[in-house]
Amino acid sequence: MKKELTCINCPLGCLVTVTMDEDGNVENVTGNTCKRGEVYARNEVKNPVRVVTSTVKVDGGKEYSVSVKTADAIPKNKMNEAMNEINKAKIKAPVHVGDVVIENIAETGISLIATANRK
């Protein structure tokens, strides 16, 4: 079985082909121009993950919202659950870069953190 992916590790966007056996084990990766592309492709077919970025409402601040992101990549299949939590979240001003907005988002063990300061 073959799966074609576009690598998202850099702006090149290599078209990578992953060949798997009948049990879903990766046999070969081709089309990548660097080692990161191979690592990305292997992970993408086995356990795809993404860093989630969004905004959260700020209570009592001069600005309406603050940008946020997950501190690390979370499983792709947890993204909808994470976004549901983010959409309901609020944080009180002042907010500082690195403040934890949600601990253990979508039960992933990963925190959602602020990426900007808000007064």
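Colleague: In what kind of link do the side chains of Glu44 and Arg50 meet?

Modeller: They meet in a salt bridge, 2.9 Å from N to O. The term means a side-chain nitrogen of Lys or Arg within 4 Å of a carboxyl oxygen of Asp or Glu. A word on the source: this is a predicted model, where local features need pLDDT of at least 70, side-chain atom pairs count only at pLDDT 80 or more, and totals for chains, interfaces and linings use all residues. Residues are numbered from 1 along each chain as its sequence is written, and side-chain values use heavy atoms, with hydrogens and water left out.

Colleague: Are Glu44 and Arg50 buried or exposed?

Modeller: Both Glu44 and Arg50 are buried. Buried means under 20% relative accessible area, exposed means over 50%, and partly exposed lies in between (1.4 Å probe, protein chains only).

Colleague: Where is Arg50 found, and in which strand?

Modeller: Arg50 belongs to strand E4, residues 49-50. Strands (E, at least two residues) and helices (H or I, at least four) are DSSP runs, numbered from the N terminus.

Colleague: With which residues is Arg50 in contact, leaving aside its neighbours within four places in sequence?

Modeller: Contact means heavy atoms within 4.5 Å. With neighbours within four places in sequence set aside, Arg50 touches Ile8, Tyr40, Glu44, Thr70, Asp72, Ala73, Ile74, Lys76 and Met79.

Colleague: How many salt bridges does the structure hold?

Modeller: Five. Lys35, Glu38 and Arg42 are linked in a network of them. Lys35 pairs with Glu38, the closest N and O atoms being 3.4 Å apart. Arg42 also pairs with Glu38, and there the closest N and O atoms are 3.0 Å apart.

Colleague: Where do Lys35 and Glu38 both lie?

Modeller: In helix H1, residues 35-46. Lys35 and Glu38 are three residues apart, about one turn of the helix. Arg42 and Glu38 lie in H1 too, four residues apart, again about one turn. Lys35 counts as exposed, at 56% relative accessibility. Arg42 is partly exposed, with a relative accessible area of 31%.

Colleague: On to sheets. In what order do the three strands form an open sheet?

Modeller: The general idea comes first. Strands of a sheet pair through backbone hydrogen bonds, either parallel or antiparallel. Here, two strands pair if DSSP finds at least two bridges between them. The three strands run in the order E1-E2-E3, with antiparallel pairing. E1 and E3 stand at the edges, each with a single partner strand, so one side of each has no neighbour in the sheet. The twist averages 20° from one strand to the next. Axes for such angles are lines fitted to C-alpha atoms, for helices over the stretch in contact, and angles run from 0 to 180 degrees between N-to-C directions.

Colleague: How many bridges join strand E1 to E2?

Modeller: Five bridges join strand E1 (residues 2-6) to E2. In E2, Glu4 has Thr17 as its bridge partner, and Lys3 has Val18. Strand E2, residues 15-20, is mostly covered: five of its six residues are buried. E2 also pairs with strand E3, residues 26-30, over four antiparallel bridges. Met20 stands opposite Val26 in E3. The hairpin of E2 and E3 has five residues between the strands, and its Gly24 takes a positive phi near 85°.

Colleague: In what order do the five strands form an open sheet?

Modeller: E8-E5-E6-E10-E9, with mixed pairing. The edge strands are E8 (90-92) and E9 (100-102), each pairing on one side only. Neighbouring strands are turned by 45° against each other on average, direction ignored. Helix H2, residues 79-88, packs on this sheet and touches E5 (53-59), E8, E9 and E10. The direction of H2 makes about 25° with that of E5. Within the sheet, three bridges join strand E6 (residues 65-70) to strand E10 (residues 112-114), which run antiparallel. Lys69 stands opposite Ile113 in E10.

Colleague: Which residues touch the most other members in the largest nonpolar core?

Modeller: A nonpolar core is a set of buried Ala, Val, Leu, Ile, Met, Phe, Trp, Tyr and Cys residues joined through side-chain atoms within 4.5 Å. The largest has 19 residues, and Val56, Val66, Val101 and Leu112 touch the most other members. E5, E6, H2, E9 and E10 each give two or more residues to this core. A second, separate core of ten residues includes Met20, Val29, Tyr40 and Ala41.
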